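Me: I want to know what stands behind the terms used for this fold. Let's take them one by one.

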Amino acid sequence: MKDCLKLIEILEVSTTAPSGYNLQPWQVVVVIDKEKKKKLKEICYNQQKVEDASANVVIIANTRAGFDNVDRVLDSWIELGYIQASAKEQLKETIHIGWSDPQRAKKKAVRDAALFAMNLMITARAYGLETHPMEGYNEVKLREFLELKEHQEPIMIIAIGYKDPNKTLLPRAYRFKFEEFGKVV
Ligand SMILES: Cc1cc2nc3c(=O)[nH]c(=O)nc-3n(C[C@H](O)[C@H](O)[C@H](O)COP(=O)(O)O)c2cc1C
């Protein structure tokens, strides 16, 4: 329970991630139950870390966030004095337009949810935990397992736990040099 509260704190700190219009289009399902982890491991093509980890956080992009979250966000802006109450409806309309096209909405939701996921990994490390991101899962089975709706796009699973002190990590994997991935213009 104590660990669960710590994880919830980590997840809440991770919401400091930026997002377009602060719409925070991410959702999570935290899998900690022993039997459910076993089931999730199968869905993840038997990746053992899923079962070994204390928890697995399924990161979901909400492709409807421009509609679902807009009122909460704009009301907070009014409360904080960022905008006048009279400006809300116009701004809401602008946000709705941006989220009306399914392809654009998906791009927005996935982009912001990925920033949240990275923030979660950094925050977990600051709390003394290790993480491992995974895309190796059967999406159809994952959707069924978590009863996800169509607008809920699972983008990755992050296994979280304490490092086994008896295990030695591999050396840091090769990274490209700047000239291989960037240019200055
Ligand atoms: C979105 C994403 C999905 C990944 N999926 C898996 C996975 O399913 N299984 C796995 O063993 N590693 C997975 N990885 C880990 C990468 O293989 C790893 O980050 C990469 O090889 C570089 O290694 P490093 O992060 O240890 O430096 C994933 C990483 C990311 C960012």
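Predicted model: local features only at pLDDT ≥ 70, side-chain atom pairs only at ≥ 80, totals over all residues.

Me: Which values describe the packing of helix 5 and helix 6?

Reply: Two packed helices are described by an angle and a distance, both taken between their axes. For helix 5 (residues 70-80) and helix 6 (residues 88-98), the angle is about 145°. Their axes lie 11 Å apart.

Me: How do you know which residues of helix 5 and helix 6 meet?

Reply: Contact means heavy atoms within 4.5 Å. On the helix 5 side, Val 70, Asp 71, Leu 74, Asp 75, Trp 77 and Ile 78 take part. They meet Lys 88, Leu 91, Lys 92, Ile 95 and His 96 of helix 6. By class, this contact has six nonpolar, one polar and four charged residues. Gly, for one, would count as polar in this scheme.

Me: Why are strand 1 and strand 2 called a pair?

Reply: Pairing needs at least two bridges. Six bridges join strand 1 to strand 2 (residues 55-62), so the two strands pair. They run antiparallel. Val 28 stands opposite Ile 59 in strand 2.

Me: What makes strand 1 and strand 3 edge strands?

Reply: The sheet is open, with four strands in the order 1-2-4-3 and antiparallel pairing. Strand 1 (26-31) and strand 3 (130-134) each pair on one side only. From one strand to the next, the twist averages 25°.

Me: Which strands does helix 7 lie across?

Reply: Helix 7 (residues 102-126) lies across strand 1, strand 2, strand 3 and strand 4 (152-161). It runs at about 155° to strand 2. Helix 8 (residues 139-146) also packs on the sheet. Helix 8 touches strand 1, strand 2 and strand 4, and makes about 85° with the direction of strand 4.

Me: What makes a residue part of the lining of the largest pocket?

Reply: A lining residue has an atom within 4 Å of a pocket point. The largest pocket holds about 1000 Å³ of space and has 26 lining residues. Closest to its centre are Glu 130, Thr 131, His 132, Lys 163 and Leu 169. Strand 3 gives the most to the lining, with four residues. By class, the lining has twelve nonpolar, five polar and nine charged residues.

How values were computed:
Residues numbered from 1 in each chain as written. Heavy atoms only, no water. Axes fitted to C-alpha atoms, helices over the stretch in contact; angles between N-to-C directions. 1 Å grid on protein atoms, 1.4 Å probe; cavity = no way out; pocket = protein on both sides within 12 Å on 5 of 7 lines; lining within 4 Å. Points joined across faces, edges and corners; volume = space filled by probe spheres on them.
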